[in-house]
Amino acid sequence: MPEVSRRTLLQAAALTGPLIGAASALTAAPARADGLSISADGIALVAEADGSIVVRDGSGTDRLRIGHFMIKDSVLGQQRTFGGTPSLTTVDGQPALQVVYKMSASASAVTVRGTFTVAARRAGLKWEVSGSATLTPAGYMFSRTLIGNTAPEKYVPATAWTKDARGGVPYEVNAGSLYQETWADTRAYFRLWSSRPAFTNATWMHAPAGEDGATQVELVLGDMRPGAANAVATAAPLGVDVWSDQPFGLYEPGAALAVNAQVVNGGAAAKPVSLTWWARDFNGAVLGGGRLDRTVEPSGAWTEALTVPAPSQGIVFVEVKAASGGEEAFARTNLATLKPHAYQSEGIFGISNYTWLLVPDKEQVGRLMQKIGVKWVRIAYDGAPGIPPAELDALGIGHNVQLGGVIYNGTAEQVAAWADDRARIARESGATYFEVANELNQPWMSGQKAAEYVRDGLKPIHDRLKDSGIKLMNCGLGGMDYRWTANFHAAGGWDLIDAFAFHPGRGNFTADYAPPPEEWEQGSNGSYWNFLGSLRKARQTLDEYGGDKELWLTEAYACTRPNAWWNDTIRQAAENTLLQLALCLSEGVDGVNWYQPHDSTIHHPQEADPNNAEYHHGLLNRDTSIKPTLLAFATATRHLEGATFKRRLTFADPDLKGLLFDTPRGKLAVLWSRKDGYILNRDHGEDQWYPHPEAWEDHWPTKTRLSLKTSGQTVREIDCIGQERTITATGRRVRVTLDGAPRLYYGLEL
């Protein structure tokens with residue numbers, strides 16, 4: 001994965017509440033002695049003499065003030081307004097406010113005009129800029145001041161669920177950007193077509209213009225969910241939001257699982273709406289569902305609490321759909337249960353990069369990391385996103401540092417300044433390991449710049465940290481790039497590291513696919529991106545170069561980009577996660593960090609992008625609900641904790657595979673079949689699109705029945721997400737069914 005820069009971002013949060021109210025006639029009148037106003041049901045806008053716009057709720061309470069507008073121009077730079085002249089006007093025959101703003105003398109040729117409209121519980125804010133041929137509309141901003149708010153502003157990406165006409169699984173797409181304002185008794189949302197929260201501050205909100213060159217913002221006022229606000233802002237016929245009040249939708253076994261659904265009528269007239277829903281488990285069994293009907297007012301919302309019986313351990317997929325006439329909208333989320341477990345050993349399993357998305361809050365994220373057996377965080381230091389080092393220490397989670405920015409061929413002063421800064425951060429963080437930069441072996445297998453990396457990056461850090469007790473890793477390689485590694489060794493880099501780090505990657509191959517390196521194909525869809533073959537080549541390299549180096553996979557993953565043949569389906573990802581972590585232990589890996597805690601990216605938190613693989617590497621979904629991958633990670637950490645690899649298992653049938661471990665809980669066998677091959681989604685076409693099956697659909701056609709000896713009267717069988725069943729032996733033998741999904745077994749005599 002690309003190197004991640006340091007930055008603290010605003011975080012999104014899910015909030016609940018119903019929206020009520022109907023459209024009413026618009027009015028325009030002098031507001032007070034100092035201004036003009038327009039109003040609709042639940043909202044009023046007042047234009048003050050200086051051009052500021054005050055937003056009032058239906059009770060007449062001032063909630064916020066919209067002040068200046070800032071343009072960006074490639075010649076003039078950033079230029080803001082200085083007051084303006086308000087007046088009444090009309091838009092589509094309805095009363096509106098207009099403000100013609102004043103510009104500074106240096107930007108006197110530029111004209112900025114604001115037009116402000118109202119509808120039920122909604123205001124339209126539009127700014128048009130003209131008079132310059134060098135405008136940069138992507139950089140526009142406006143100022144706002146909150147009045148009596150009780151919580152800080154929050155950025156909330158808006159998404160919508162959709163389906164491809166060609167089939168496959170549903171997926172989310174971006175549907176705008178929201179900034180949520182909160183008071184004790186209500187909320188407001190600024191809705192923009194796009195905004196970068198990193199460009200927004202307490203004074204200025206990033207508000208880029210659209211294709212027509214104008215900035216259009218919708219302001220929705222009312223106590224509602226972000227999804228409801230977005231539907232109202234966009235006048236969507238229907239909108240649906242689903243969420244759990246339980247953090248991550250993760251419950252203890254035996255608890256009643258609860259999910260909330262909110263249906264929104266964003267249209268201009270009341271309409272009858274049918275709400276239908278279902279809940280399925282990992283095996284496809286329907287656990288709940290039904291239909292409810294209600295008439296929903298315009299700009300109104302209907303909220304229901306739905307309950308599902310809990311599995312002892314497992315995942316529940318929930319879909320809620322709203323329909324009225326020919327209009328439909330739907331949304332999905334997951335609920336899950338995970339048995340308690342008290343981890344004893346330190347463990348080798350961790351998380352790559354920062355725990356950057358602290359939703360619902362830092363404490364809950366920390367507890368979740370503990371609950372699934374995370375023993376390492378790859379990047380943590382004071383000032384970085386995520387959980388600080390001291391708090392990770394309190395959680396019993398080790399932490400390292402990965403920092404880059406190597407200056408190739410820089411001056412001695414530049415290199416020294418860079419190395420001093422990075423070494424200081426590593427020391428102050430209390431890092432156990434320092435991974436010096438990330439994936440600098442590009443282009444893959446070209447061998448380029450290995451010597452320069454040693455000279456300008458690794459050696460300066462080594463010289464500064466050689467007596468610190470901090471262990472050094474090379475820049476984690478993208479794939480097992482043995483050509484770059486050979487040049488790195490020749491340049492003297494091998495003697496400077498304590499641990500060799502790489503990222504095996506994986507395309508549409510099972511975790512145990514191991515083509516020989518001489519057959520690896522390059523390219524973005526090449527067999528170079530295989531897991532076990534890369535792992536074995538890394539082990540061979542360590543044995544060849546010597547020096548008793550540790551082996552770390554600082555990024556391992558199971559990407560679930562939807563409906564793409566190169567990437568795992570939701571079910572394949574869970575299966576491969578369990579097998580990848582078991583193979584790490586069987587191949588003598590000293591540490592493996594999973595990439596990453598959440599779907600979405602650190603620069604676009606909780607946004608959706610179905611076409612970008614970077615948005616689909618998480619253990620948690622974009623909405624922070626559990627993916628089956630997280631349960632598979634926890635299954636691996638719990639059953640492999642304290643385990644010692646004994647040997648690979650072989651059978652008369654060469655397509656049957658296995659690993660045997662000694663664990664504190666007894667002998668553990670991991671068994672699977674490769675009768676259906678090592679290539680996933682094999683029947684794909686020329687483009688990337690491939691219809692993924694639903695997560696509860698078994699995708700392995702070939703089942704093999706096998707009779708095995710037992711050490712007792714029963715055998716425990718555990719699947720990739722930790723679902724367990726007991727098999728009773730007959731004559732000290734049991735029959736198991738194997739396919740491409742790995743399963744864990746206790747009680748076999750192998």
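Tutor: In this predicted model, three cavities reach 30 Å³ or more. The largest cavity has a volume of about 540 Å³. Its lining comprises 34 residues, and those nearest the centre are Trp161, Pro170, Tyr171, Ile570 and Asn621. By class, the lining of the largest cavity consists of 15 nonpolar, nine polar and ten charged residues. Three strands, β12 (171-182), β22 (314-324) and β23 (327-337), each contribute at least two residues to this lining. Of the contributions to the lining of the largest cavity, that of β23 is the greatest, with three residues.

Charged side chains can also be followed through their pairing, and the structure holds 43 salt bridges. One of them joins the side chains of glutamate 172 and arginine 622, with an N to O distance of 3.0 Å. This pair links distant parts of the chain, 450 residues apart: glutamate 172 belongs to strand β12, whereas arginine 622 sits in the loop between β33 (591-594) and α9 (628-640). Both partners are buried: glutamate 172 has a relative accessible area of 15%, and arginine 622 has one of 13%.

A further salt bridge, also given as N to O, connects aspartate 185 with arginine 63 at 3.0 Å. Because aspartate 185 lies in the loop between β12 and β13 (187-192) and arginine 63 in strand β5 (residues 62-73), this pair ties together parts 122 residues apart in sequence. Arginine 63 is buried, its relative accessible area being 6%.

How values were computed. Residues are numbered from 1 along each chain as its sequence is written. This is a predicted model: local features need pLDDT of at least 70, side-chain atom pairs count only at pLDDT 80 or more; totals for chains, interfaces and linings use all residues. Side-chain values use heavy atoms; hydrogens and water are left out. On a 1 Å grid over the protein atoms alone, a cavity is a set of points where a 1.4 Å probe fits but cannot get out, and a pocket is an open set with protein on both sides within 12 Å along at least five of seven lines; lining residues have an atom within 4 Å of a point. Grid points are joined across faces, edges and corners, and a volume is the space filled by probe spheres set on the points. Helices (H or I, at least four residues) and strands (E, at least two) are DSSP runs, numbered from the N terminus. Ala, Val, Leu, Ile, Met, Phe, Trp, Tyr, Cys and Pro count as nonpolar, Asp, Glu, Lys and Arg as charged, and the others, Gly among them, as polar. A salt bridge is a side-chain nitrogen of Lys or Arg within 4 Å of a carboxyl oxygen of Asp or Glu. Buried means under 20% relative accessible area, exposed over 50%, partly exposed in between (1.4 Å probe, protein chains only).
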